Amino acid sequence: MTKGETKATFSNPGYPLVENRVQAEIMVFVRDEVGSVSRAKLTEVLGVSRSKVSNEVGRLIEAGLLVEDGLAESEGGRRSSLLSIPRGAGVVAAIDLGATSIDVALTTLGSEILSHRSEPADIRDGPRSILGRVKLLLAQLLEEQDSKAQDVLAIGIGVPGPVEQAAGVLRVPPLMPGWDRFPIRDAFAGEYAAPVFVDNDVNIMALGEHWGGVGKGVDNMLFVKVGTGIGGGIIADGRLYRGTQGCAGDIGHISVDPEGPVCTCGNLGCLEAMAGAPAIALEAERRAREGKSSVLADILAEKGELTAVDVGKAASLGDYEALNVIRRAGWIVGRVLATLVSVLNPSLIVVGGGVSQIGHSFLAEIRSAVYRRSLPLATRNLPIVLSELDQTAGVTGASVLAAEGVLQVQ
Ligand SMILES: [Zn+2]
């Protein structure tokens, strides 16, 4: 089973791209190595006979999924040739939809980003408008790369809400009119023969960070996105853990304060409503209006509103109230993470999303809350760090999801 662990049933002819389990394992290993691999290494790692590996590698080369590119270093004897995934195998379309952004990238089948475009957007414009823009961007990127729709081997897409895995649709996403049960996969069916894999945006960020970021090689990891919304992605035993329906890790609506502000989901005092970007902005506005911070009040007077980024700027100028607002949000997020640490016992927590960038004190408060509120044994060796891939975590993960999906036999 591959890391994305999507159980797709393929109606498209030519899929999956591999014929059997050994071919799938060969492709997964070559992808993981992100470079060139020798047949001898494959024989050793997969535990199948040399002739079986040679035979299946031959078929993969014939299919254009592998290519020989150079010779391995050898300690005497015949040097063996190295295998890698060629650019000519085709491309993967990787899409990351946030509440306020569209990211589209083209990657190789080895999940190496070839080109990437990011645009501001409002997810509330609805699926027809947003997916229309996605398809336009995708067509532009393909043209720039001298590729055609037929060259797209797989499409991966992350969306900012709970995704029912079996159907690949969003289910009752807060504040996303028109997206509930919208058939996202079908939106690409006219132009692309490639299968479409849909998942939650934070799940794909977790996959991306685990694939090529600070979480590479880490078997038990928690990824937390703090932006307009707040969500979590869980890597357990080296794989994305989705739970029964696909919404494991959806921590944004955990109750933090039963008497707190109204959340987009209708409940009171959810984590997201207490510590997401809009909550940080509102809290700062309140303090500015109460005359607690002249720096925040000046920005508010000039712009008519505050954003989380403004609060970060005010804090970097040394404004005490702005710093307190950021610390408060970090502390609230950290307390929820402390609970998750007790449940999951991860060896790494990665914090990403726009709010993670508003200042060091945010991460410092998260660390402080987690270290104080979790069992000493669970935090003895628990780094809490910022996302390394940051802006590209989502598209990287979308590529991983899709590429592993089409290289998997049922
Ligand atoms: Zn909520």
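The structure is a predicted model, in which local features need pLDDT of at least 70 and side-chain atom pairs count only at pLDDT 80 or more, while totals for chains, interfaces and linings use all residues. Residues are numbered from 1 along each chain as its sequence is written, and side-chain values use heavy atoms, with hydrogens and water left out.

Rolling a probe the size of a water molecule over the atoms shows where empty space is left. Here a cavity is a set of points, on a 1 Å grid over the protein atoms alone, where a 1.4 Å probe fits but cannot get out, and lining residues have an atom within 4 Å of a point. Grid points are joined across faces, edges and corners, and a volume is the space filled by probe spheres set on the points. One cavity of 30 Å³ or more was found in a search of the whole structure. The largest cavity has a volume of about 50 Å³. Its lining consists of Pro162, Val163, Asn200, Asn203, Gly232, Gly246, Cys247, Ala248, Gly249 and Asp250. Sorted by class, the lining of the largest cavity holds four nonpolar, five polar and one charged residues; Ala, Val, Leu, Ile, Met, Phe, Trp, Tyr, Cys and Pro count as nonpolar, Asp, Glu, Lys and Arg as charged, and the others, Gly among them, as polar. Domain 2 (90–208 + 393–406) and domain 3 (216–388) each supply at least three residues to this lining.

Glycine 249 sits in the loop between β13 (239–241) and α6 (271–275), where helices (H or I, at least four residues) and strands (E, at least two) are DSSP runs numbered from the N terminus. Glycine 249 counts as buried because its relative accessible area is 15%; buried means under 20%, exposed over 50% and partly exposed in between, with a 1.4 Å probe and protein chains only. Setting aside residues up to four places away in sequence, glycine 249 touches Gly231, Gly232 and Ile234, contact being heavy atoms within 4.5 Å. Glycine 249 and isoleucine 234 are 15 residues apart in sequence, and their C-alpha atoms are 6.1 Å apart in space.

Lysine 225 belongs to strand β11 (residues 221–226). With a relative accessibility of 17%, lysine 225 is classed as buried. Its side chain makes a polar contact of 3.0 Å with the side chain of aspartate 201. Such a contact is a pair of N or O atoms within 3.5 Å; within protein, one must be able to donate a hydrogen and the other to accept it, and residues adjacent in sequence count only if both atoms are side-chain atoms. Beyond neighbours within four places in sequence, lysine 225 has contacts that include Asp201, Val202, Met205 and Gly352.

Three further buried residues lie in loops. Serine 111, in the loop between β5 (101–108) and β6 (113–120), is buried at 7% relative accessibility. Not counting residues up to four places away in sequence, serine 111 touches Arg31, Trp211, Ser399, Val400 and Ala403. Glycine 98 is placed in the loop between β4 (91–97) and β5 and is buried, with a relative accessible area of 7%. Valine 355, in the loop between β14 and α11 (360–373), is buried at 2%. Its contacts, without residues up to four places away in sequence, are Val226, Gly227, Ala277, Ile280 and Phe362.

Some backbone details complete the picture. The peptide bond from tyrosine 15 to proline 16 is cis, with omega near -5 degrees, and proline 16 belongs to the segment before α1 (21–33). Valine 172 has a phi near 45 degrees, a positive value in a residue other than glycine; valine 172 is exposed, at 60% relative accessible area. Asparagine 345 also has a positive phi, near 50 degrees, and is partly exposed at 47%.

Key:
On a 1 Å grid over the protein atoms alone, a cavity is a set of points where a 1.4 Å probe fits but cannot get out, and a pocket is an open set with protein on both sides within 12 Å along at least five of seven lines; lining residues have an atom within 4 Å of a point. Domain bounds come from an automatic or database domain assignment.
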